[in-house]
Each structure stands twice: as structure tokens, then as C-alpha cells.
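Here is a short report on a predicted model. It covers a sheet, the helices packed on it and one further helix.

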Amino acid sequence: MVTIVRKKMRYDYRKYLLIILLFSSFSFSVGVSAQPLPQTAHRAKNVIYLIGDGMSLPQIYGAMLATGQDLSFKQFPYSGIVTTRSASNEITDSSASGTALSCGKKTKNGMVGMNPDSIPVKSVLEVMAEQGKMTGVVVTSYVTHATPAVFYSKVPKRSFYDDIAEQLLNSDKVNVIIGGGRKYFNQRQDGRNLIEEMQNKGWKVYDTLAGIDVACRKYAVLANQGHMPSVAMRGDFLPNATKTALQTLSKNEKGFFMMVEGSQIDFACHESDSATMVAEMLDFDKTLRVALDFAQKDGNTLVVVTADHETGGLTLIDPQGRYSSPCFAFSTHSHTCLPVAVFAFGPGSDQFTGWMDNTEIVGKILNACGLDAMEATRETRQDMEPIRENFDSKRE
Ligand code: MG
Ligand code: ZN
């Protein structure tokens with residue numbers, strides 16, 4: 001058993017300077033995969049894509065040690081290693097790595113759904129919607145936060161929450177969205193009430209999971225003004241929201257694509273709060289079980305679990321150096337460049353092995369569904385114009 005400690009370890013960073021310099025002298029050439037992948041015999045009709053924000057092996061294994069439980073990660077038949085650097089930084093933020101995970105393109109830290117030249121790029125959610133699949137996004141952060149935003153919006157700065165909310169209002173690609181961040185719809189700088197505007201455009205808008213008409217094909221659940229509270233307060237919101245969205249999306253004949261984020265693993269690690277990190281990991285694991293149960297019964301659903309980056313520089317050490325009583329030790333309040341893991345189950349899951357870059361995951365997902373990843377990528381550049389002028393003058 002690991003002891004949960006909130007104490008932050010202090011390191012002499014000078015000791016590590018040489019190592020860091022050695023690492024940074026390598027020039028990592030990160031190739032965006034444009035190779036068509038071999039077709040798998042059994043195609044996936046549905047995709048559930050789960051992202052643990054800030055989750056790498058220390059968070060996963062630490063949660064297992066701390067609780068003495070085997071988490072669902074061990075049930076996935078295929079797993080691999082994923083590098084996360086962005087176009088601008090060795091250490092990525094959630095918008096650049098989210099853009100890689102959703103659109104298959106590297107971009108600069110802070111940018112959402114566009115390449116480094118501010119050219120919007122198409123997300124896997126948008127490609128799936130064009131195929132007649134229903135789509136869903138379920139998170140515990142603002143629905144306008146970086147990780148959900150990269151699936152439906154294109155802005156040069158992740159802090160343009162009001163613009164992201166407006167792009168959600170106008171999206172004809174998103175069927176179901178669940179999370180927090182209602183203030184970007186009803187307490188806006190421009191004074192507009194986007195909730196009313198959404199209702200006028202055919203969205204149903206709810207403020208709790210209770211009483212949702214799951215037969216409705218387009219709805220938003222904006223369950224808090226800000227982020228959802230941490231798991232101790234919000235309870236089983238994430239697994240329940242995932243079940244609710246699955247009820248709606250699984251009614252679609254042509255299948256569905258859903259992204260579910262354990263948004264607050266990252267928040268806890270920024271705070272060096274290992275107890276909350278473990279609780280958020282258990283909540284994410286409960287959500288994985290919802291996805292796996294659905295996929296096991298359904299037989300046509302690909303489940304992919306990964307992360308955007310590691311947060312906290314978390315490790316498991318014995319402070320006495322005796323190899324016997326591991327405890328959590330955070331080494332930073334920020335993100336690190338530690339690679340993350342990917343786990344996959346279902347049709348096409350055999351592609352998710354070995355060492356890969358985060359830009360390669362979308363191609364593998366599209367391939368599992370029998371879609372040509374190269375074709376989807378090519379289309380991206382032709383049908384979208386640069387929109388830099390529209391945003392450059394806006395506030396941060
Ligand atoms: Mg996030
Ligand atoms: Zn973070």
C-alpha cells in the first residue's frame with residue numbers, strides 16, 4: 001500500500017540541469033502520420049474515446065497502489081506509449097495535445113483545433129458526424145475548456161471561452177454535450193444569453209442529469225456555472241453522464257462517436273493533492289467500466305483510453321530510500337513531457353500497440369471505423385479558411 005501524502009518533495013533542480021540539457025539537445029522530429037493503415041476485418045460502428053487529463057503511469061499505478069484495487073486499465077487487451085510534445089514546446093498544454101488527439105495535428109500551446117498557422121483543422125468528431133454518426137462530449141470541466149473544445153471549436157487561444165461557447169451553439173456536429181461552464185452561456189461579456197439562443201436553434205438545455213429526454217437528438221447539460229465540483233461533491237456525475245449519453249447516442253442506426261474526459265485528474269495534480277488525484281482516478285475508472293460494459297455487450301464499439309500529458313511530475317518514492325514504503329511525490333505544479341499510455345478494446349484495437357505519437361491516434365480510430373484517415377486529413381485543408389484576423393484583436 002502506498003501512503004497518501006500531501007507534502008510536496010523538494011528537489012535540487014541544479015542536479016538535473018545536465019540531464020535536461022542533454023535531453024533538449026536532441027531534436028525530436030515528430031512526424032504526423034499520413035500513412036493509410038491496414039484495414040481491420042471487423043469495423044467499429046461506435047467509438048468511445050476517454051481522455052484522462054494529466055494522467056500517465058504514475059497516476060494510474062499510484063491509484064492502484066493507494067487503493068489496493070486493480071483498475072480497469074488492466075482489462076484492455078492492447079496498450080502502447082504515446083509522446084505528447086506540441087509544435088511549440090517539449091511540454092504541452094491541454095489545448096495543443098487535445099488538438100493532436102482530436103485532429104491528428106501538432107499545434108502550438110494554447111491553440112484549439114487549428115494548426116500553428118491558424119488554419120482550422122477538422123476533428124475526428126466532425127469527421128464522424130459527416131459519416132452520419134451521432135456525437136457526444138462528456139466532461140467534468142467547463143464544456144468550453146481546452147479538452148472538450150478541441151473536438152468542436154477552432155480558436156487561436158484556449159481562453160476565448162465566450163467564442164468557444166458561441167461555436168458550440170452554432171455546431172451542427174455535436175448532438176450531446178455534458179459538463180460545467182454555464183457562465184460562458186449566460187454571463188457573457190457581450191450580454192447575450194446563449195442558452196436561449198441554443199433553445200431557439202433546436203437544442204434542449206438542461207442544468208442537471210435528472211429528467212433528460214434521452215430520445216432527444218440534440219441537448220446540452222450545463223450542470224454548473226463553473227467547472228463541476230471535485231468528485232467528493234459531484235459524486236457519480238461522470239459515470240452517470242456517460243450512461244445517459246450512451247442511451248441517447250446508441251439509438252442511432254449509423255453509430256456514434258463520444259469523447260469522455262476525466263478533466264480533474266489534472267486539477268488535483270496541479271495542486272499536488274494526491275488524495276483528490278486518487279479519488280478522481282477512481283471516478284475515471286468507474287467511467288471506464290461503463291464504457292467497457294457497453295462495448296462488451298455491443299461488440300461493435302472501439303474503446304480508446306489515453307491522456308493529453310502528465311501533470312505534477314508525480315512519482316512514487318520511499319523518502320527514506322529503503323525501497324519499502326512508497327509515497328506520492330510531486331515534483332512540479334505544472335505539466336511534464338513524460339509520455340502517456342494508450343489502452344484499447346474492441347474492433348481495431350490491435351493497432352494501439354508500441355510507441356506512437358499523439359497525432360497518430362485519430363488515424364487509428366478512423367481506420368478502425370473503415371474510414372481513410374488520409375482522405376479526412378486532406379479534406380481538412382481544402383474546406384476551411386484561415387480565421388486569424390477574426391480573433392487576433394480579441395482579449396486573452
Ligand atoms: Mg482537460
Ligand atoms: Zn493542466
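Strands β1 (residues 46-52) and β7 (residues 256-262) run parallel and are joined by six bridges. Strands of a sheet pair through backbone hydrogen bonds, either parallel or antiparallel.

The pair sits in an open sheet of ten strands, ordered β5-β6-β4-β3-β7-β1-β8-β13-β2-β14. Pairing across this sheet is mixed. The edges are β5 (204-206) and β14 (354-357). Each has a single partner strand, so one side of each lacks a neighbour in the sheet. On average, neighbouring strands of this sheet are turned by 15 degrees against each other, direction ignored.

| Helix | Residues | Strands touched | Angle between directions |
|---|---|---|---|
| α10 | residues 237-249 | β3 (134-142), β4 (176-180), β6 (219-222), β7 | about 165 degrees with β3 |
| α13 | residues 361-368 | β1, β8 (301-306), β13 (340-345) | about 170 degrees with β8 |

How many of the ten residues of helix α6 are buried? Seven are, and α6 (residues 161-170) is mostly covered. The buried residues are Tyr161, Asp162, Asp163, Ile164, Ala165, Glu166 and Leu168. They pack against strands β3 and β4. They also pack against helices α5 (146-152), α7 (183-186) and α8 (194-200).

Key. Residues are numbered from 1 along each chain as its sequence is written. Chains are lettered from A and ligands numbered from 1 in the order in which they are written. This is a predicted model: local features need pLDDT of at least 70, side-chain atom pairs count only at pLDDT 80 or more; totals for chains, interfaces and linings use all residues. Two strands pair if DSSP finds at least two bridges between them. Helices (H or I, at least four residues) and strands (E, at least two) are DSSP runs, numbered from the N terminus. Axes are lines fitted to C-alpha atoms, for helices over the stretch in contact, and angles run from 0 to 180 degrees between N-to-C directions. Two residues are in contact if their C-beta atoms, placed from the backbone, lie within 7 Å. A residue is buried if 20 or more other C-beta atoms lie within 10 Å of its own, exposed if 12 or fewer, and partly exposed in between; C-beta atoms are placed from the backbone.
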